[in-house]
Amino acid sequence: MEQYFIKGGSPLVGNVEISGAKNSALGILAAAIMCDETVTIRNLPDVNDIRVFLNAIKSIGAMVVYPDPENRHVVKINGRNIRNHKVDNEYIRKIRASYYLIGAMLGKYKEAGVALPGGCNIGVRPIDQHQKGFKALGAEVHIDKGMIYTKAEHLTGGYIYLDVVSVGATINIMLAASMAEGTTVIENVAKEPHVVDVAQFLNQMGADIKGAGTDRIKINGVKKFKAADHEIIPDQIEAGTFLCMAAATRGDVTITHVIPKHLESILAKLKEMGAEIHENGDEVRIAVTKRLKPTTIKTMPHPGFPTDMQSQFAVCLALADGSSTVAEKIFENRFKYTDELTKMGASMKVEGTTAFISGVDHLTGAIVTASDLRAGAALVIAGLSAEGVTCVEEIQYIQRGYENFAEKIRGLGGYIQKIDVEDLFERERIMRRMEFSGSLVQPPMERRRIPAE
Ligand code: EPZ
């Protein structure tokens, strides 16, 4: 598997363009197959999860075309020729958001069968709220041999009060209800920007959804969708990740093509920690010239502090001038990265769902392993701030959700390259060479499977 080799110590400086939001795109691609006319989706992030999802909908008969094969940020989709309402292939088992196909196909075809992905590295991640919503619409739901099946003679509007604020359940129930007969009200819903983006796309196709972004969504079902053309919102988590990269390396970075309103909780925290923040239209500039201040973080549903940003902030707090706490209130197992940061000299301990962090003067390079998408991004941030060279293993997690991650970092003056080096001694040799060389190193010839990126 490939690794990132990172030589730390240089402040990141310059501009970086943020890609489309992965977690919005996944819901929107599921919604797209509900339309029997061609929809155009723009600002699609070109990341592994999206490619896998597109392969999955193609495998059941959807038309998926890139108008310009060179540009994978624009795709046209038409669900007219879908014949198979059961999706069970290796594509689908790789990503969690495949469960959006249940809501989409239940809404359109009144039946669906989708393979459920395994557990995730950040927690159990049940789907009981999704099932509760489908049942409230009149569907029967059962799980058999790793597949979830839903079917309804008539899908009729209902009233659902979510026991847990869930992004996935909110989007999934909204998909199904958008084509149910009558009115559906969903209370205690997620309010993330990507929930609003999916609702806006559905409405562009002719759905009748009101209240997305508030605690209550009201949906009047419609019979058919029509063609639409939608641009996906910028990824608030990618934006936050690059802001933390700048903060941890005491850099000066402008992130472009963002919606500052979506970053409010992230920007507020960075200001508390002493970062200078300048907003200007769809750009945000961050400059950090002195050691960051400690703070407390508690992850909450939007508009609270996003759970997908806690690991990246923990790296910044590991370098802050004092003690901080990070309380993870959304998932039960999202601190695996702390063991890896400890190998780099961080001083942090986890008790229950809270990490207690004592800032240290600097981190040092090490061989570390990514356990999930955001933890992997956090380890790259740590490597960029550390003295010496870091090797991040299992970077396939990172590639699920960050487009051209290494190129974007190099564009800011970061020293990172992706190499596929199988054995540990080779990795250590490359790290040593990178430590003392001024240029990017070449992987060993005999084992070069991919050109050094
Ligand atoms: C989405 O996951 C995101 N993934 C996650 O981002 C993100 O961390 C999460 O929302 C919270 O913002 C996608 O959008 C593809 P939830 P989701 O349902 O929908 C519990 C990333 O890094 N719950 O909002 O699966 C659940 O266990 C990923 O991009 C139930 O109990 O999250 C969790 O404790 C990681 N029953 C809480 O709700 C359910 O039926 C929030 O989960 C559903 C969820």
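User: Is N172 buried or exposed?

Analyst: Helix α6 holds N172; helices (H or I, at least four residues) and strands (E, at least two) are DSSP runs, numbered from the N terminus. Buried means under 20% relative accessible area, exposed over 50%, and partly exposed in between, with a 1.4 Å probe and protein chains only. N172 has 0% relative accessibility and therefore counts as buried.

User: Which pLDDT must side-chain atom pairs have to count in this model?

Analyst: Residues are numbered from 1 along each chain as its sequence is written, and side-chain values use heavy atoms, with hydrogens and water left out. The model is predicted: local features need pLDDT of at least 70, totals for chains, interfaces and linings use all residues, and side-chain atom pairs count only at pLDDT 80 or more.

User: With which side chain does the side chain of N172 make a polar contact?

Analyst: Contact means heavy atoms within 4.5 Å. Leaving aside neighbours within four places in sequence, N172 is in contact with Y99, Y100, I102, G103, H130 and F134. A polar contact is a pair of N or O atoms within 3.5 Å; within protein, one must be able to donate a hydrogen and the other to accept it, and residues adjacent in sequence count only if both atoms are side-chain atoms. A polar atom of the N172 side chain lies 2.9 Å from the backbone oxygen of Y99, and at 3.0 Å there is a polar contact with the side chain of H130.

User: Against which elements do the buried residues of α5 pack?

Analyst: Helix α5 spans residues 128–136, and Q129, H130, Q131, G133 and F134 are buried in it. Just after α5, G138 takes a positive phi of about 100°. The buried residues of α5 pack against α4 (100–109), β8 (140–144), β9 (147–151), β10 (159–161) and α6 (167–177).

User: What are the phi values of K110 and K145?

Analyst: Most residues other than glycine have a negative phi. K110 is in the loop between α4 and β7 (111–115) and is partly exposed at 23% relative accessible area. K145, in the loop between β8 and β9, is exposed at 73%. Both phi values are positive: that of K110 is near 65°, and that of K145 is near 50°.

User: Why is one side of β18 and of β20 left without a neighbour in the sheet?

Analyst: The open sheet has 4 strands in the order β18-β19-β21-β20, with mixed pairing; two strands pair if DSSP finds at least two bridges between them. One side of β18 (296–298) and of β20 (347–351) has no neighbour in the sheet because these strands stand at the edges, each with a single partner strand.

User: What angle does the direction of helix α10 make with that of β21?

Analyst: Strands β19 (residues 323–327) and β21 (residues 354–358) run antiparallel and are joined by 5 bridges; S323 has S358 as its bridge partner in β21. Axes are lines fitted to C-alpha atoms, for helices over the stretch in contact, and angles run from 0 to 180 degrees between N-to-C directions. Helix α10 (residues 310–318) packs on the sheet, touching β18, β19, β20 and β21, and its direction makes with that of β21 an angle of about 25°.

User: Which residue of β24 stands opposite K7?

Analyst: In β24 (residues 415–419), 5 of 5 residues are buried: Y415, Q417 and I419 point one way, and I416 and K418 the other. Strand β1 (residues 3–7) pairs with β24 over 5 bridges in the antiparallel sense. The residue of β24 opposite K7 is Y415.

User: Which three residues supply 33% of the area that domain 1 buries against domain 2?

Analyst: An automatic or database domain assignment supplies the bounds of domain 1 (2–19 + 234–436) and domain 2 (22–219). Between them the domains bury about 1,900 Å², 50% of it on carbon and sulfur atoms; buried area is the accessible area (1.4 Å probe) that two parts lose on being put together, summed over both. The 33% share, more than that of any other three residues, comes from H302, R400 and E403.

User: What is the omega of the peptide bond from H302 to P303?

Analyst: P303 lies in the loop between β18 and α10. Most peptide bonds are trans. The bond from H302 to P303 is cis, with omega near 10°.
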